[in-house]
Amino acid sequence: MHKLGVAHVINSMGLGGVAPVVYHLLRTLPPEEYELFLYVLRQPTDHAAVREEQTERFRQAGVDVSFPDRDDKKFYVVG
């Protein structure tokens, strides 16, 4: 069976409530039916340890997390 892709896009892996809400939304989708993606438009610039914990939590839940290549570059093509 072909999995459907579900992607969420957030501005940054912030310290507020957006990332946890997106995590819970993605976690409720059955992994055998959906391929999960999270696109973060900006690189984290502070609180690196906390932000890395959030990123790792998504990855452990089976979410493919992507950041832009450089701090000053945002994604402009999502594939």
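These questions and answers cover a loop methionine, a helix face and a salt bridge in a predicted model.

Residues are numbered from 1 along each chain as its sequence is written. Local features need pLDDT of at least 70, side-chain atom pairs count only at pLDDT 80 or more, totals for chains, interfaces and linings use all residues, and side-chain values use heavy atoms, without hydrogens and water.

Student: Is methionine 13 buried or exposed?
Tutor: Methionine 13 sits in the loop between β1 (4-10) and α1 (18-27). Helices (H or I, at least four residues) and strands (E, at least two) are DSSP runs, numbered from the N terminus. Buried means under 20% relative accessible area, exposed over 50%, partly exposed in between (1.4 Å probe, protein chains only). Methionine 13 has 1%, so it is buried.

Student: Where do the buried residues of α1 lie on the helix?
Tutor: The buried residues in α1 are Ala19, Val22, Tyr23 and Leu26. Down the axis of α1, they fall within an arc of 105 degrees, so they line one face of the helix. The arc is taken over the directions from the helix axis to the C-beta atoms.

Student: Which residue meets arginine 51 in a salt bridge?
Tutor: A salt bridge needs a side-chain nitrogen of Lys or Arg within 4 Å of a carboxyl oxygen of Asp or Glu. The whole structure has 1. Arginine 51 is buried at 10% relative accessibility. Its partner, at 2.6 Å, N to O, is aspartate 46.
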